[in-house]
Amino acid sequence: TVEFLQKLKDQTGIDAKSLQFCYSRLNSLMRTLEIVDTDDLMGVQLVADFATLIGTYDRGFAIIIEPFDERLPSIPDPVIQLSCLDASLAIRPVFEKFQSVIITSGTLSPIDMFPKILNFHPVVIQSLPMTLAHNCICPVILAKGNDQTQVSSRFDSRHDVNVVRNYGKMLVEMAKTIPDGMVCFFVSYMYMDQVVSKWNEMGILNELMEHKLIFIETQDVVETTLALDNFRRACDCGRGALFFSVARGKVSEGIDFDKHYGRAVVMFGIPFQYTLSRILRARLEYLRETFEIPEKDFLSFDAIRQAAQCVGRVIRSKSDYGMMVFADCRYTRVDKRDKLPGWITTRMKDSHLSLSVDMLLQVAREFMREMSQPIDEEANNRMLFTEAEANAMAAQS
């Protein structure tokens, strides 16, 4: 940002202090001229907003200029944007205003990474267990198909017909076994389009439609909202449905699939960010130089956190239940699996760490049979923490 501002000053004579007032001066001018219809001036407003931002923020921000999308280099699509590389800038006013701040989440894992990224020194770090009256979540790792082909969303495996077929066959069998709603997350829109297209060619989509209706998230908010409404209607009437979504999309962040809307969630692959993105490369460089966070550590932390965010959509209360299928052989590695939240890893049995499709179906049947039994309401309503856990937290505080 500093380099951009200096070059701008050299060529135009406009300094950062002048740019800070572009937004307010434009609004003042429009009020003076009594301009009511501002749609025609949207472009000017965007330029004024951008100028104000780059004049106000320098440290922790970068000007990113992209002449085209790396994935479509033949199509000119120039973009200039101001990108925040430092998450600590957003939370710093909170730390300055309040004497005590408590940060909680079900996906703060590994927990020691957050103080580095947010640049603060925590007084207490505590990872609390999830206390449940019964084993209502069943996390498993699908590592291979019945033909022993390893399944993964790695770039060199994405176009492997056997991997796509094994994913599809697994989903068909799961749709037969799991009642009501199921949610499937893919690593990107492009990957979801590729897989769904191949499933259509293989006839797998027709097989799925025999058991459940299919709804797909798109980048259009209205279409996705309509698809979610119809998905819920299909679950409510007993038809059952599948919802195909994308990690880091609208559905993965703010939509809950509680009760019969989500009896199983499948995470196809590990949702790593697109590593050729100029914004990501700039942020990785900033984290490495400022906070000494290696690129590999941040990418793995970010991807596994997104995966946990996705699978957590199906468990919204202690009386809810659902399966969590991590469909990628890379989750069997300790360095990946240990980055998942403790409330998931503590319930991941050793026998569920490297399943084939047949083994997965056997686990699914046993889990659904167990969940169909009556719940002990007295046990389900007891206090969340035991006396020993409560005393331990009181001593630490």
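Mentor: Burial is judged by relative accessible area: buried means under 20%, exposed means over 50%, and partly exposed lies in between, with a 1.4 Å probe and protein chains only. By that scale arginine 305 is partly exposed, with a relative accessible area of 23%. This is a predicted model, in which local features need pLDDT of at least 70, side-chain atom pairs count only at pLDDT 80 or more, and totals for chains, interfaces and linings use all residues. Residues are numbered from 1 along each chain as its sequence is written, and side-chain values use heavy atoms, with hydrogens and water left out.

Trainee: With which residue does arginine 305 form a salt bridge?

Mentor: A salt bridge is a side-chain nitrogen of Lys or Arg within 4 Å of a carboxyl oxygen of Asp or Glu. Arginine 305 forms one with aspartate 302, and their closest N and O atoms are 3.7 Å apart. The two are three residues apart in helix α13, about one helical turn; helices here are DSSP runs of H or I with at least four residues, strands are runs of E with at least two, and both are numbered from the N terminus. Aspartate 302 counts as buried at 6% relative accessibility. A network of salt bridges links Arg248, Asp302 and Arg305.

Trainee: How many salt bridges does a search of the whole structure find?

Mentor: The search finds 12 salt bridges. One of them joins the side chains of lysine 169 and glutamate 207, at 3.4 Å from N to O. Lysine 169 lies in helix α7 (residues 161-177) and glutamate 207 in helix α9 (residues 204-209), so this pair ties together parts that are 38 residues apart in sequence. In another, the side chains of aspartate 328 and arginine 330 meet at 2.9 Å, N to O. Aspartate 328 is buried, with a relative accessible area of 0%, and arginine 330 is buried at 11%.

Trainee: Which residues of strand β3 lie on each side?

Mentor: In a regular strand the side chains alternate between the two faces of the sheet. In β3, Ile137, Pro139 and Ile141 lie on one side and Cys138, Val140 and Leu142 on the other, and all are buried. Two strands pair if DSSP finds at least two bridges between them. β3 and strand β8 (residues 322-327) pair in the parallel sense over six bridges, with cysteine 138 opposite methionine 323 in β8.

Trainee: How many disulfides does the structure hold?

Mentor: A disulfide is a pair of cysteine sulfur atoms within 2.5 Å. The structure holds zero disulfides. For cysteine 235, the nearest cysteine sulfur, that of cysteine 237, is 8.2 Å away. Cysteine 235 is buried, with a relative accessible area of 2%.
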